[in-house]
Amino acid sequence: MSENTMLKVNERGHLAVGGCDTVELAHKYGTPLYLYDEQRIRDRCREYIAEFGDRYPQVEIAYASKAALTLGLARLMDQEGMGLDVASAGELYTALQANFPAERIKMHGNYKSNLEYRMALEAGVGRIVVDSLIELSQLNCWAQKMGSVADVLVRVRPGIDTHTHQLIQTGQVDSKFGLGIYGGEAREAIELAMAAEGINLRGLHCHIGSQLLETDAFGRTIDLMVEFLARVHDELGLECEDLDLGGGLGIRYTEKDEPPTVADLAETICPRLLAKLDEHGLDYPRLILEPGRSIVGDAGVTLYTIGVIKQIPDLRTYISVDGGLSDNPRPALYEAVYEAVVANRAAETPEQWVRVAGKHCETDTLIDDTCLAACEPGDLLAVFSTGAYNYAMASNYNRFTRPAVVLCCDGQDHLLVERESLADLIAQDRMPVHLAPREANERGCAAG
Ligand code: LLP
């Protein structure tokens, strides 16, 4: 069994994140609360840049901002010299508002709206990743209309099956993403892109899936992509400047998970890529990677207050916390499994098996079966590895307010996102005149 590297206990027996006492943070900001260990995020960025940079001549690591994005996180990524993958007007807007350099932004999406084309071209993002033939012609029109030329990567669907939840596989033949190698669509897109006036084709992209706990699929992807590259080089004369292999490296959610390290991934990808390129006599393109989860995932912890404890005799104990489906939909969507500790009793030995339930009006199990220290209402529960696709996927279901997000570093806490207020929940609501509440006296008359 591997140790939980997130479990840092301070001298008061409390869980610490980035040197901050989680009990104090819960008092200061309330719960539920998303916490990030800033140093851990920075370490991961540096690890990617170093491990790949040591093994391949030209590398860009573009953080996949869908995993978690705020103005502050965008600034942090810029400080670390990362690129940024955005997949919507909202992500692009956030990045630009944070002054993230446009030339290091990659614009994604299988359905880009007119607003997104316009914003991307106006901002001059570094690469627009084209996902379909329809998009190629739309983008070409937009670029010409706006008097610019779009720097493009064509997203290829390599036809690779991966060992991960089917909802987060993306490179298989039967996927909505990308242009298939099989069937000739990718080749056609490249041919059209090379001829289009508003398009400057810079290279190819693929992304095979997420939370991958084995590196073998990356190896197979390289073989397929380079063979395809060689074909379009020979047949169409494509000089590929960029080869973007997407993200996907898995992280440890439970002690049973043994994810490959960033070094393992680099060791799988770089030598094989160089060898394959040599084999086909191709120049080395710049290598781009787009990790999301493996940058921020295990840097995140969610804090909850334990409210209700219910024992069903001879069956199980339910512990209800003050969040659930709205702040972490992953157990419901992907059967994701998490681990937790009682944050204010982090030094105590786990002794009871419990089910952790949320407080939504449905069966929103957060953790099906986990062993916790003895606890009581008012204690704090910390769930680990919630840094990716939690805040980013949070909703207002049941009109819950979305939690605050706090960055912790060297014992200092820094607010990244304010907790939503009840007033925020109705801020966008509009009252149609015929539904407006009547004056009090009128209501009184009607009642009388
Ligand atoms: N690049 C592209 C084009 C992607 O679509 C994704 C993720 C990434 C990079 C980053 O992948 P990562 O390194 O984070 O695995 N909501 C799901 C995950 C969806 C991933 C979508 N695309 C979850 O909570 O597991």
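User: Where is the place of Pro32?

Analyst: Quick ground rules: this is a predicted model, where local features need pLDDT of at least 70 and side-chain atom pairs count only at pLDDT 80 or more, while totals for chains, interfaces and linings use all residues. Residues are numbered from 1 along each chain as its sequence is written, and side-chain values use heavy atoms, with hydrogens and water left out. Helices (H or I, at least four residues) and strands (E, at least two) are DSSP runs, numbered from the N terminus. The place of Pro32 is in the loop between helix H1 (22–29) and strand E4 (33–37).

User: And what is omega for the peptide bond from Thr31 to Pro32?

Analyst: Most peptide bonds are trans. The one from Thr31 to Pro32 is cis, with omega near -10 degrees.

User: Which residue other than glycine has a positive phi near 65 degrees?

Analyst: Most residues other than glycine have a negative phi. Look in the loop between helix H4 (89–97) and strand E7 (105–107), where Asn99 lies. The residue with phi near 65 degrees is Asn99.

User: Which residue pairs with Arg187 in a salt bridge?

Analyst: A salt bridge here is a side-chain nitrogen of Lys or Arg within 4 Å of a carboxyl oxygen of Asp or Glu, and the count comes to 37. For Arg187 the N to O distance is 2.8 Å, and the partner is Glu235. Arg187 lies in helix H7 (residues 185–195) and Glu235 in helix H8, so the pair ties together parts 48 residues apart in sequence. The residue asked for is Glu235.

User: How far does H8 reach from its first C-alpha to its last?

Analyst: H8 covers residues 216–236, 21 residues in all. The expected span is 1.5 Å times one less than the number of residues. That gives an expected 30 Å, and the helix comes close to it, reaching 30 Å.

User: What is the area buried between domain 1 and domain 2?

Analyst: The bounds, from an automatic or database domain assignment, are 16–36 + 297–425 for domain 1 and 108–291 for domain 2. Buried area is the accessible area (1.4 Å probe) that two parts lose on being put together, summed over both. Carbon and sulfur atoms give 57% of it, and the total is about 860 Å².

User: How many salt bridges cross that interface?

Analyst: Applying the rule between domain 1 and domain 2, the number is zero.
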